[in-house]
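Have the structure open while you read.

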Amino acid sequence: MDSSIVKAEKEVLVEMVKLAQKKGMEGSKGTWKNFLSTYDRKFGSSLSDPSKRPVDALVSFLKTFSKEEDLKLFAKMFQCHANRKVVEESKTKSHGNESPEQMQRLISLTLEHPQYLLDYSFPSHEEGWVVTTIRRKSKFTRSNAMVAVDCEMVLCEDGTEGLVRVCVVDRNLQVKLNEFVKPDKAVVDYRTEITGICAKDLDEATSSLSDIQRSIQKLLSHGAILVGHSLHNDLKALKLDHARVIDTAFIFKYENQPINRRPSLNNLCKSILGYEVRQKGAPHNCVDDASAAMKLVLAKLEQGLDDAIPCVHEDLPANEMAKLLLHKIPNDVPIEELYRIVPGKFKTEVQPMKKARGEYYSVLAIFRNSQKASEAFENIPGIQGKDSSGRSQKSVSFQLSTGASASLHVRKMAYADSLSQVTSRKRSSEFEISGDSKKSKTDEKTEDKEMEVKPNECEDHKIEIERLKEVLSQRDNELASLQKVMSQRDKEISTLHKIISNLTRKQGL
C-alpha cells in the first residue's frame, strides 16, 4: 500500500485525505488535524485543506494508517481512480445508437464528480458483497446497454438497513426485475410513509438478497451500464459494487449553484421531463423511480451534456416554515439539552434515521409560526453558512450541563430565495385591492411598509453590531499582546541597565 500511495497523483491523495476527514479516521498519529499539529510546527492544523498541502504531507499522513479495514478502503479508492482512467481510455471505443463520446461522457460525469469517491467507496471486501470490475480492451467497456435500478430499504433491529424491494427496467422501460425481498433480520421500522411497504407485503416474499444479486449480475454480465438516482444508496443495499454507473444526481447541475448541490429526482423530472414522479407526501414506487432515472439519462443524451437546469425550490407550506432542523446531534446528547441551545418555545419531533448505525440523530424544532422560527434561528449563537443545498444553517458549539463539549447544526427549512418569493407574494396579495381602497388607505400602506422595513434594518444593525464587537475584541487582543511585548521589553531594558551598571562599577568607570 505504501508504494501505491507514493506513486499516486495528488488529486487521488487529496480525495483520500478528505475521505479520512469525513469518516473521522485515525492513523497512528490521530486524525488529519492531529497529524498536522505535530507534522507542521509553523501552521499546524490551521491550514487543514488537503488540496493546499504538498504531496509529502498527504503521503506522510496516509502512511500512518495500518488497520486492515482502513487499508482496504484506500485500496478501493485506488480502484475507483483506476476505473476512471479506463473509462477515459474507452471513450472512443463504445458503439450503439449514441456516439461513443456521449455514453462514456455520462459515465465520466459520474466518476469525476467530487462526491464520487466519498459515496462509492464501498466496503466491498466484506462478506456478502458482489463486485464487478472493468477489464481493459474488452467488450465490457464497449457495451451501450443500460438498465436502471431502484430499491426500498427498511430499518432492522441491529441498526442496519435491509433490502425489501428492488426493481430494474431496461432502456425501453420494460420491467426486467420487480421483486419483494425477505429481510434476513428482524425489522423495527418499515418506513411505510416513504417506502409504501408494510409487513403484510413481505409475507409471501421468497427472494433473498443473494437471489437478487444473481439476477442483477445476469443483467450486467455483458458490461451493461447501471443507472439510478443517488445510486450509491441502492448499491449499498444490494451489496453490489459495479464499475460502470450513471448517477442522475451527479450528471445534472443547477444554474448558479455549487456542484455539491444535488437535485432531487422529483425536481429533475419536473425540470427535464415536465412531470412529477410523485405527489408531495406520497410514498416511493420502485418501478416509477427506476423508469424516471432511465428517462432522465435518455433525455440527457438527446438534449446535450452541458445544459444546466434552473434551480427548482418547492414552495413550503406555512407549517413547514415554522420549523428548524437540528441535525448532526451526537447520540449522547439528550433532547432536553436542546432547549438550552435554541431560544423560544417549541416542540420537538425526532426524525427517523436515514443511515444505519448512525452516530448522530436529527430533531425538528416546531414553533408557533414562521416568524418565531426565524427569530429563534437568528438568536442562536453560532457560525452561519449554508448547507450543501444552499439553505441557511448555523454550526453551533456548546457545553452540556455535565460540562462536556458538543456541537450540532441548525438549519432553516426554506431557501433564501423561497423566503423572498413568499414575502413578495404576501406583499402583492396585500395590495391587490380596489382603487378606492388604495386611496383611502394610503397612510396605512405607508405604515405597513415601514413595519416591513424595520425588521430588516434591525437585522442589519444586529449583524453590524456583532461585526464591530468582533473587531473590538480583536483590537483588545492585539493591545493586550502589545502590552505584554512592551512589558517584556521594559524588563529586558532594565536588565541591560543593571548589567551596564555592574560592568561600570567593576571597571571603575
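## A strand tucked inside

Let's start with strand S9, which covers residues 323-330. Seven of its eight residues are buried, so the rest of the structure largely encloses S9. Keep in mind as you look around that this is a predicted model.

Which strands does S9 pair with? One is S11 (residues 360-366), and the two run antiparallel, with six bridges between them. To spot this pairing on screen, find Leu326, which sits opposite Val363 of S11. Another partner is S14 (residues 405-412), also antiparallel to S9 and joined to it by four bridges. Here you can look for Leu325, whose bridge partner in S14 is Arg411. As a bit of background, side chains in a regular strand alternate between the two faces of the sheet.

## Helix H2 and the glycine after it

H2 has 14 residues and spans 20 Å from its first C-alpha to its last, close to the 20 Å expected at 1.5 Å a residue.

Which residues of H2 are buried? They are Val12, Leu13, Val14, Glu15, Met16, Val17, Leu19 and Ala20. A handy rule when you look at a helix: an α-helix has 3.6 residues a turn, so residues three or four places apart point the same way. Just past the end of H2 comes Gly24, which has a positive phi of about 65 degrees.

## Where H12 meets H13

Next up are helices H12 (residues 265-273) and H13 (residues 286-303). Their axes come within 10 Å and cross at roughly 40 degrees.

What makes the contact? On the H12 side, it's Leu265, Leu268, Cys269, Ile272 and Leu273. H13 brings Asp289, Ala292, Ala293, Lys295, Leu296, Ala299 and Gln303.

## Where H3 meets H4

Our last stop is another pair of helices, H3 (residues 32-39) and H4 (residues 55-62). The axes of H3 and H4 come within 11 Å, crossing at roughly 120 degrees. H3 and H4 are therefore oblique to each other.

Is this crossing left-handed or right-handed? For H3 and H4, it's right-handed. The residues in contact are Trp32, Phe35 and Tyr39 from H3, together with Asp56, Ala57, Leu58, Ser60 and Phe61 from H4.

Key. Residues numbered from 1 in each chain as written. Predicted model: local features only at pLDDT ≥ 70, side-chain atom pairs only at ≥ 80, totals over all residues. Heavy atoms only, no water. Buried < 20%, exposed > 50% of the residue type's maximum accessible area, 1.4 Å probe, protein only. Pairing = 2+ DSSP bridges. Expected span 1.5 Å × (residues − 1). Axes fitted to C-alpha atoms, helices over the stretch in contact; angles between N-to-C directions. Contact = heavy atoms within 4.5 Å. Parallel < 35°, antiparallel > 145°, perpendicular 65-115°, else oblique. Left-handed = near helix turned anticlockwise from the far one by under 90°.
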